[in-house]
Amino acid sequence: MSNHVIAIFGGAVSGAEAAAQLSERGFQVIVFEQNALPYGKIEDGLPKWHVRLRDKEEGRINEKMMHPNVTYVPNVKLGEDVVLEDVANNWGFSAVLLATGAWKDRPLPVEGVDEYINKGLYYQNPFIYWFNHYHEPDYDGQQYEIHDDAIVVGGGLASIDIVKALMMLSVKEKLHERGINTNVLELDRGIVKYLEKKEIRFEDLGIKGCTLYYRRRIKDMPLSPMDKSTPEKLAKAHEVQEKILNFAASKFLFKVAPLHVPVGKIVENDRLAGLVFQETKIEDGKVKAIEGSEKEVRSPLVISSIGSLPEPIPGIPMEWNMFVIDDEKYCQVEGYDNVFALGNAVTGRGNIKESRNHGKDISEAIIDRYLYDQQGLMEEAHRNKESVIAEEVAAIAEKLEALPAADSTKVAELYERVAMLQKGRGYTGNFEDWVRQHLPKRLEDIVGH
């Protein structure tokens, strides 16, 4: 085993894959996770109806964390519990890898609108966190109130999750009023299908339904890989986007308003009461606002789902809300010789590689697969992400192997520090036991689904 010890902050898909790659090469790896469990958005961002995918992906992470060269440290947040400059320069690590993901919501581009967060405005990440956990008997986090006729601003797969969740919860509430108890695991098969089985018309429930507002055309929505290499392939990609969205809308009964961008807010009684939208058009691939097309859209609830960004970490330079790197090949963070960023946190990085990994011809088979096997494609996306991380880590490992490792005394001191952190969090070193003790209560166990 090498005397090189590598710190990884973040234990989800990217961090776990980095740990696996390095541990297999003989490096000692210490994974610091800000939560009790290292599942990231698999647990807190992937809607809870994806039961099989969640369990499979978390199982893969567990296997990687239990490698003998990997040490796990839960409930340690970089920038709060430990300081990056200290960890990188004083602890004895050969390198620090940042796989902290993207948890900060991209701000809704309406001046002053964030003054009304939780007063008519929700953001995607905390909302889905609540949606995934509110059923747990010991859940003590923020509660969210659902309203019919909600506005969702977005356009990607995450925004589809938001409108699906809203529609499921609205239907569930109306059915409960009729003495019919259901849950999102049953409704995920399709609201229309469920209501038909109960011989209930959607119109009779008195639900207006939520509306998804998107600044581009439906065919431009980034809902599946897009091959733009030829006009024919681009046309096919556009066809895929439209089929995916139309299928989801017909299954879950939400509405879509493309070519609309929010430009203002409506405020009443110190609450957000809707948004002012401006119509848009697409010229030369760019979004152009149509002057004089502004209109008020009133709603008791607005949810913004326009993307996620990495959270700022003290000591890390950022540009355009992304970490700044000095060296493209190694993803080396500016200002550090031994700190490297992975995955979503790097400026302009990852998207290029993921696009290459996704560069398959789009066919009718892929259309059908997405429409009826969404979990299969999401699983494929995770494998592609792991492939990207594996390439990045291979380059970093090549660089590290040429550097002198810390001496055994420094490594021993490092592990003493780590042991103190583990003890302070109540972690005994048995990862399997820790997972069993901290795994949340699953909805499928509660309802016997």
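Reply: Begin with Arg425. Its relative accessible area is 24%, so Arg425 counts as partly exposed. Buried would need a value under 20%, and exposed one over 50%. Bear in mind that the model is predicted.

What does the side chain of Arg425 meet? It forms a salt bridge with the side chain of Asp81, at 3.5 Å from N to O. Arg425 sits in the loop between α13 (408–424) and α14, while Asp81 sits in the loop between β3 (70–73) and α4 (84–90). In general, side chains of opposite charge can pair when their charged atoms come close.

Now widen the view to other salt bridges. The whole structure holds 20 of them. Take Glu43 and Arg442, whose side chains meet at 2.6 Å, N to O. Glu43 belongs to helix α2 (residues 41–44), and Arg442 to the loop between α14 (431–438) and α15 (443–447), so this bridge ties together parts 399 residues apart in sequence.

Next comes Glu17 with Lys64. Their side chains form a salt bridge at 2.8 Å, N to O. Glu17 is in helix α1 and Lys64 in helix α3 (residues 51–65), and 47 residues separate them. Both residues are buried. The pair also belongs to a network of salt bridges that links Glu17, Arg60, Lys64 and Glu386.

The axes of α1 and α3 come within 9 Å, with a crossing angle of roughly 35°. That crossing is left-handed. On the α1 side, Val13, Ala16, Glu17 and Ala20 make the contact; on the α3 side, Ile61, Lys64 and Met65 do.

Follow the chain past α1. Gly26 lies in the loop between α1 (13–24) and β2 (28–32). With a relative accessible area of 18%, Gly26 is under the 20% limit, so it is buried. His4 is 22 residues from Gly26 in sequence, and their C-alpha atoms are 8.7 Å apart.

In soluble globular proteins, nonpolar side chains tend to be buried together. The largest nonpolar core here has 49 residues, and Phe127, Leu166, Val171 and Phe254 have the most contacts inside it. At least two residues each come from α5 (124–133), α6 (157–177), α7 (184–187), α8 (191–198) and α9 (231–252). Helix α6 gives the most, with 10 residues. Look at Phe254: leaving out residues up to four places away in sequence, it touches Ile160, Val163, Met167, Cys210, Leu245, Ala248 and Ala249. Apart from this core lies another, of 34 residues, including Val29, Met65, Ala99 and Ala395.

Beyond residues up to four places away in sequence, Ser170 touches Ile146 and Ile207.

Five strands form an open sheet in the order β6-β14-β7-β8-β9, with parallel pairing. Its edge strands are β6 (121–123) and β9 (255–257), each pairing on one side only. From one strand to the next the twist averages 25°. Inside the sheet, β7 (residues 151–153) and β8 (residues 211–213) run parallel and are joined by three bridges. Val152 stands opposite Leu212 of β8. Helix α6 packs on this sheet, touching β7, β8 and β14 (302–304), and its direction makes about 165° with that of β7.

Conventions:
Residues numbered from 1 in each chain as written. Predicted model: local features only at pLDDT ≥ 70, side-chain atom pairs only at ≥ 80, totals over all residues. Heavy atoms only, no water. Helix = DSSP H or I, 4+ residues; strand = E, 2+ residues; numbered from the N terminus. Buried < 20%, exposed > 50% of the residue type's maximum accessible area, 1.4 Å probe, protein only. Core = buried A, V, L, I, M, F, W, Y, C linked by side-chain atoms within 4.5 Å. Contact = heavy atoms within 4.5 Å. Salt bridge = Lys/Arg side-chain N within 4 Å of Asp/Glu carboxyl O. Pairing = 2+ DSSP bridges. Axes fitted to C-alpha atoms, helices over the stretch in contact; angles between N-to-C directions. Left-handed = near helix turned anticlockwise from the far one by under 90°.
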